[in-house]
Structures are given as C-alpha cells and as structure tokens.
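Trainee: I would like to learn how to read some features of a protein model. Could we go through them one at a time?

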Amino acid sequence: FSLYRQNDLPGAQKQAQAALALRRDEELIELLLTLRREIRVQRNYDNARTSHFTVLFDGYEHEEMRVAVLDILKDAYADVGKALNHFPGGPVTVILYTGKDFSDITRAPDWAGGMFGMSDGKIRLPVQGAEGQERMLRRVVTHEYVHALLHSLAPATPLWLHEGLAQYLSGDRAVHVAQVIPLPMLAEGFPGDARAAYAAYMVSLQAVSDLVEERGMPPLRRLLGELGAGKNMEEAFTVAYGMPFSRWARQWRPVERGEVPETGTGRERDDG
C-alpha cells in the first residue's frame with residue numbers, strides 16, 4: 001500500500017502479486033484489479049509537480065485543466081490550511097481523468113463529482129467537460145482537498161464531519177431538508193440512494209454550519225486536534241465544546257434555512 005500511495009503502480013503491482021502467491025486475500029485481489037486498471041489508464045500520463053501537489057494528467061486532453069486545477073489547489077492549500085490551522089506534511093497526489101476512466105477506476109456513482117481515496121491518499125477528479133465551469137471545478141477541487149487535509153490531520157474524523165466540513169469550506173450553504181438523519185448513523189457511511197445520500201450530505205452540512213455559526217472555528221479546530229491525538233468523538237467533543245457528543249447530537253435540531261431543491265443531488269460522493 002505504501003508504493004500505491006507513492007503512485008509507484010508497477011512496484012505496487014509486483015508486491016501485490018508476490019503476496020497473493022503466498023496466500024489468497026480478497027483485499028489484495030481488489031487492489032491488484034485496481035492497479036491493473038490504473039496502469040492501463042495512466043500509461044501515457046504526464047505529471048506536474050509543485051512543492052505541495054503532484055498532478056497526473058493526460059497531456060493531450062487535459063493540459064489546460066491541469067493549469068486550472070493547480071491554480072485552485074494553490075488557493076485551497078492556503079485557505080483551507082488557514083481555516084483548519086493545518087498543512088499536510090508531504091505533497092498530495094491529484095489525478096485528472098475523463099469521465100469514463102474516473103468511473104472505471106473509482107466505481108463511484110454517476111453523480112459523483114470527485115473522490116478522495118482514504119486508502120491511498122489521492123484525489124481523483126473527472127475533468128472532461130469541465131472547461132468553462134471554473135466555479136464548479138473550484139468547489140469540487142476544494143471539497144476533495146478538505147478531505148485530504150482532514151485525513152492528514154485526524155484520520156478518525158467521522159464521515160458526517162468529513163463531508164460537512166468539505167462542503168462548508170468549499171462554499172456550499174445548507175438548505176432545509178425534511179428528513180433529518182441522526183448524526184451517529186452517519187459516522188461510518190452514507191446511503192447509496194441518491195436522494196437519501198443528498199439528505200445525509202445536507203444534514204452533515206447543517207451540523208457543521210450550526211457549530212461554526214454558534215461557536216466559531218476555534219472549537220472545531222480543537223475537536224479535530226483532539227481526534228488527531230487519538231481521543232474518540234465523545235471525549236474530543238467534550239474537550240472542544242464542554243459536553244459529550246452524544247448529548248449534543250440528541251439535542252441538536254438544524255437551524256431552518258432555505259428549502260431543498262426539487263431535483264438533483266448536487267453533491268460529491270467520496271471514498272470513505
């Protein structure tokens with residue numbers, strides 16, 4: 001997995017094959033299949049490196065998008081890092097795909113706008129057709145970068161907080177949804193159905209918005225710091241907000257905002 005995180009795909013493939021020769025392991029089999037797909041897709045990719053990012057891209061199709069994405073990443077590095085008072089220790093890998101290649105590699109649902117891989121630490125973006133949609137691209141890139149930063153800062157961050165912060169810091173604003181899903185149910189996973197997933201994303205965004213608007217960013221940064229130091233959510237929330245998370249979650253009711261749109265989800269689904 002360390003070679004996979006470094007994007008040494010042939011090296012990772014060789015190690016996975018050697019390990020499978022010793023014993024059958026479903027996780028390794030899935031990794032090997034993923035590696036084969038990625039090697040096929042990336043065989044002619046170029047890379048652009050800065051001190052904070054490595055961007056892999058199809059030099060023929062995505063040269064202009066590479067420039068745009070790097071500009072957005074530069075802003076996200078500064079703005080999100082300042083908001084969370086944290087900057088990654090090493091460069092983050094970002095891979096730009098056509099829509100079909102993105103689906104083949106990630107197995108993400110059709111409505112996914114991007115993905116951060118918890119297992120390999122890479123951001124994956126389908127950029128075909130994103131030309132001229134700078135606002136949308138900025139939101140998606142920033143959203144996925146927040147995931148990368150949170151994974152570096154506090155890997156045990158519950159999913160609702162991951163997604164709520166990613167939306168909040170990328171400029172999304174919460175709207176009212178009729179279906180309020182209890183936050184503890186969203187700690188490990190979101191529904192697969194698009195409409196139910198939209199409700200989960202909105203509830204997560206509402207919770208983060210309410211915490212920030214009521215208490216500001218300092219307690220939220222403290223919460224993430226405590227999670228990163230190894231405390232569980234109950235303990236970390238008590239240190240940051242003065243009450244156990246379970247009590248706050250039982251009492252919390254989202255502040256009513258605008259109404260939910262009639263169609264579409266408008267959210268990105270992320271790995272992990």
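Trainee: In which hand of crossing does H3 pass H5?

Mentor: Keep in mind that this is a predicted model. Two packed helices are described by the angle between their axes and the distance between the axes. Here H3 passes H5 in a left-handed crossing. Helix H3 covers residues 26–42 and helix H5 covers residues 99–106; they pack at an angle of about 160°, and their axes are 9 Å apart. That angle makes H3 roughly antiparallel to H5.

Trainee: Which residues of H3 and H5 meet?

Mentor: From H3 they are Arg-37, Glu-38, Arg-40 and Val-41, and from H5 they are Asp-101, Asp-104 and Ile-105.

Trainee: Next, salt bridges. How many does a search of the whole structure find?

Mentor: The general idea is that side chains of opposite charge can pair when their charged atoms come close. The search of the whole structure finds 12 salt bridges. One of them joins the side chains of Asp-120 and Arg-124, at 2.8 Å from N to O. Asp-120 counts as buried, at 3% relative accessibility, and Arg-124 counts as buried too, at 5%.

Trainee: Which residues are linked with Asp-120 in a network of salt bridges?

Mentor: The network links Asp-120 with Glu-38 and Arg-124.

Trainee: Is Arg-23 buried or exposed?

Mentor: Arg-23 is exposed, because its relative accessible area is 52% and the cut-off for exposed is over 50%. Its side chain meets that of Asp-25 in a salt bridge, 3.2 Å from N to O. Asp-25 counts as buried, at 19% relative accessibility.

Trainee: Now a single helix. How many residues does H9 have, and how far does it reach?

Mentor: Helix H9, residues 217–228, has 12 residues. From its first C-alpha to its last it reaches 16 Å, close to the 16 Å expected at 1.5 Å a residue.

Trainee: Which residues are buried in H9?

Mentor: An α-helix has 3.6 residues a turn, so residues three or four places apart point the same way. In H9 the buried residues are Met-217, Pro-219, Leu-220, Leu-223, Leu-224, Glu-226 and Leu-227. They pack against helices H4, H6, H7, H8 and H10. One of these buried residues, Glu-226, has a relative accessible area of 12%. The side chain of Glu-226 meets that of Lys-231 in a salt bridge, at 2.9 Å from N to O. Lys-231 is partly exposed, with a relative accessible area of 32%. Just after H9, Gly-230 takes a positive phi of about 110°.

Trainee: Where does Asn-85 lie, and what is its phi?

Mentor: Asn-85 lies in the loop between H4 and strand S3. Its phi is near 55°, a positive value in a residue other than glycine. Asn-85 is exposed, with a relative accessible area of 62%. Arg-107 also has a positive phi, near 60°, and is a residue other than glycine. Arg-107 is found in the loop between H5 and strand S4, and at 52% relative accessibility Arg-107 counts as exposed.

Trainee: Last, Ser-204. Is Ser-204 buried or exposed?

Mentor: Ser-204 is buried, with a relative accessible area of 0%. Ser-204 is found in helix H8, residues 194–215. Leaving aside neighbours within four places in sequence, Ser-204 is in contact with Trp-160, Glu-163, Gly-164, Gln-167, Leu-186 and Phe-190.

Notes: Residues numbered from 1 in each chain as written. Predicted model: local features only at pLDDT ≥ 70, side-chain atom pairs only at ≥ 80, totals over all residues. Heavy atoms only, no water. Helix = DSSP H or I, 4+ residues; strand = E, 2+ residues; numbered from the N terminus. Buried < 20%, exposed > 50% of the residue type's maximum accessible area, 1.4 Å probe, protein only. Contact = heavy atoms within 4.5 Å. Expected span 1.5 Å × (residues − 1). Salt bridge = Lys/Arg side-chain N within 4 Å of Asp/Glu carboxyl O. Axes fitted to C-alpha atoms, helices over the stretch in contact; angles between N-to-C directions. Parallel < 35°, antiparallel > 145°, perpendicular 65-115°, else oblique. Left-handed = near helix turned anticlockwise from the far one by under 90°.
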